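Me: I am new to this structure. Please show me how to read a few of its features.

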Amino acid sequence: MSTSTELQDSPVLAPANSLVAQRLFVHWTMVPVVACFAGFYTYLSYIPLFYTDIWGHVGYGKWMLEHRTLPTEDPFLPLSQGMRVVDSCWLSQVFLAWAESVNGAEALSLIFAVTTWLTYVVLCRAFYLLSGRISLAMVGTLLVLFTTFGRHGIIRPEIFGSLCMAALIWMLVRGEPWRSRAVSFVGREADEAKQPWALWIGIPLLFVLWVNLHGSFLLGIVVLGCHAVGRAIEVAWTARHPLAVLKDRWVIRWAFLTELALLASFLNPYGVDLLIETIVFGRNTNLKDILEWYNLKLIDAEGIQFALITLLWIALYRFSRQRVSIVDLLLLLVFGSGVAVAIRIVAWYAPLFSLCMMPHLTDIGVRILDRCQERFALVRAAWAAQPKLLYSLVCVLALWIGIALSPAGGHLLGAQPRPQESLYSPGTPRAITEHLRENPPRGLVYAPQWWSDWLAWAGPPGLQTVVSTNIHLAPKLLWDGYMRASKGETYWDDLFDRWNVQTVVVDKAKQTKLTSEVRGSAIWQVVYEDEQGIIAVRKNSIHVGVGSAAPKKEAGQQ
C-alpha cells in the first residue's frame with residue numbers, strides 16, 4: 001500500500017561546473033537548521049549529571065574493568081546475594097567507566113551530549129528523506145524532542161539504545177521506497193525497487209552492537225516484526241487471498257530481516273538467556289514502585305504530552321490526503337499500548353510516532369508551503385535562492401560556536417573547568433558524601449535507593465547499601481521491607497536490626513516521616529544534618545571516626 005503522494009521538488013542546484021561545488025554549496029535554509037542543532041548541543045552539554053543510576057552503571061563498568069569478567073551477582077549489594085545478574089548493558093557500562101577513568105565526570109557529560117545530539121541528527125536525516133523538505137524534517141524532530149523532553153536529564157545506557165533506534169529508523173526509511181522521498185527512489189515503484197544490500201548487512205551489525213549496549217534491542221525487533229506483519233496484512237487485504245502473502249517479496253524480506261535481527265541478538269555473553277531476561281524484566285513486581293514504570297495517567301506531565309500528540313495524530317489523519325499505512329498503524333498501536341502500561345516506553349514511542357506521522361505531516365505541510373509561495377512573492381524569491389558557499393561557511397561557523405561554548409570546547413580553548421555545582425545536579429548529596437568519606441561507616445548502610453548508587457561510587461571505599469537502583473535484583477521480601485522502612489512505617493527499626501544496618505542516611509525532602517522517626521528514636525543518634533538529609537548511627541556503636549554525639553550541621557544551618 002502506498003503512503004506517499006507527489007511532492008513539489010525542493011529547490012534544485014543550478015547546473016554546476018563541478019561535483020565539488022554541488023557537494024559544498026548549501027541552501028540558506030540549512031543555516032537556521034545547523035544553528036538550532038549547534039545550540040541544542042550546547043544545551044545538552046550543560047545538563048548536570050543526575051544522582052541516580054548513572055553511578056551504578058559506572059560502578060559496574062569499573063568492577064568489570066578491574067576483574068576482567070562479568071558479574072554473576074551484584075557486587076555492591078550483600079543482601080541480594082543469590083540473585084543472578086544478567087547484565088544487558090555491560091558494554092555501555094564498560095565504556096562509561098573507561099571514559100570516567102580518562103577525564104572524570106566531564107567525560108560522562110560529553111558522552112551524553114554527543115550521543116543524544118547524534119540521535120536527533122540521525123532522526124532529522126531520516127525525516128528529511130521522508131519529507132524532502134528540511135523544514136518539515138525539523139518539525140518531525142522537534143515533535144520527538146517535545147514528547148521526550150522530560151527524559152533528557154537522565155543519563156544512562158538508554159542513550160545508546162536511543163541512538164540505535166534512530167539508526168534503525170534511518171535504515172527503514174532508506175530501505176522502503178514508498179517511505180523515502182530520496183532522489184534514488186523517485187519514480188520507482190515499490191515492487192520494482194531493490195532493497196539496499198546495506199540493509200542486509202547493517203541491521204545484523206546494528207543488533208549485534210545494540211544487544212550488548214542496552215536491553216531496548218528487543219523493541220527494535222518488535223519494530224521489524226511490525227513491518228513484516230503489517231505488510232502481510234496489506235498484501236492479504238489487497239489481494240483478497242491469504243496465500244498472496246507468501247509470494248510478496250517485501251513480506252519475505254521483512255520476515256528475513258526480523259529473523260536476522262533476532263539471530264544477531266544471540267551474540268552476547270549470555271546467549272538466549274539475555275533475550276529471555278529482557279522479555280520477563282518488565283514483570284518484576286518491584287518495578288511497580290518506581291515512577292517511570294507507572295501506568296500512564298493523563299493528569300501527569302507525560303499523560304498530557306501523550307494526549308496532545310494523540311490529538312495531533314487525529315488531526316493529521318483527518319486533513320491528510322495520504323492513505324493510512326497498516327505498518328504505521330500497527331507501530332502506533334503496539335508502542336502506544338506500551339506507553340499506557342509503562343510511561344518509560346515513551347522514549348521509544350516518540351521517534352516512531354514522528355516516523356508514522358511524517359507522510360501526513362509532509363502532505364499537509366507541502367500544501368501550506370506551496371500556498372505561501374504562490375501568495376507571497378518574498379517567500380517565493382527566498383525559496384528559489386541558489387545555494388552558496390557562503391551559507392556553508394556560516395553553517396560551519398555556527399557549529400564551531402556551539403562546540404566552543406560547551407564545556408568540552410572551553411576546555412580545548414583553555415577555559416577553567418566548570419564548578420562542581422554545575423557539573424552535578426542540585427539533588428546530589430555531595431555534602432553528605434563528604435561526611436561519610438571523612439567518617440567511614442562500619443557495616444551496612446541504609447540509604448534511599450535513588451542515592452545509593454552515588455554513595456557507593458563517591459563515598460568511602462567498600463560502602464555497601466541495603467538496595468540500589470538495581471531494584472530488580474532485590475528479593476521480594478527485602479524490597480517490601482525497604483519500602484516500609486523508607487516510609488517510616490511501624491517496625492522500621494526492627495527491619496534495620498534484621499539487616500544489621502549500622503548507619504542510616506535519610507532524604508529529608510522525600511522521607512519526612514522516616515526523618516522524624518529516626519530523630520525520635522532511642523536507638524539511633526543523628527551525627528550529621530544539612531538541608532538535604534541526615535546521617536544517624538546506632539548509639540551503642542558511636543565511636544571516634546563515625547561521628548560525635550552532637551549532630552554536625554552544615555555551615556550556615558540553624
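Reply: Start with Leu413, which lies in the loop between α16 (407-412) and α17 (420-423). Helices (H or I, at least four residues) are DSSP runs, numbered from the N terminus. This is a predicted model: local features need pLDDT of at least 70, side-chain atom pairs count only at pLDDT 80 or more, and totals for chains, interfaces and linings use all residues. Residues are numbered from 1 along each chain as its sequence is written, and side-chain values use heavy atoms, without hydrogens and water.

Me: Is Leu413 buried or exposed?

Reply: Buried means under 20% relative accessible area, exposed over 50%, and partly exposed in between (1.4 Å probe, protein chains only). Leu413 has 55% relative accessibility, so Leu413 counts as exposed.

Me: How many salt bridges does the structure hold?

Reply: A salt bridge is a side-chain nitrogen of Lys or Arg within 4 Å of a carboxyl oxygen of Asp or Glu. The structure holds 16 salt bridges. One of them joins Arg344 and Glu158, with the closest N and O atoms 3.5 Å apart. Arg344 lies in the loop between α12 (326-341) and α13 (346-375) and Glu158 in helix α6 (residues 158-175), so the pair ties together parts that are 186 residues apart in sequence. Both Arg344 and Glu158 are buried.

Me: Which residue forms a salt bridge with Arg430?

Reply: Glu421 does, the closest N and O atoms being 3.8 Å apart. Glu421, at 55% relative accessibility, counts as exposed, while Arg430, at 31%, counts as partly exposed. Elsewhere, salt bridges that share partners join Asp53, Arg156, Glu158, Glu292 and Arg344 into one network.

Terms used
Helices (H or I, at least four residues) and strands (E, at least two) are DSSP runs, numbered from the N terminus.
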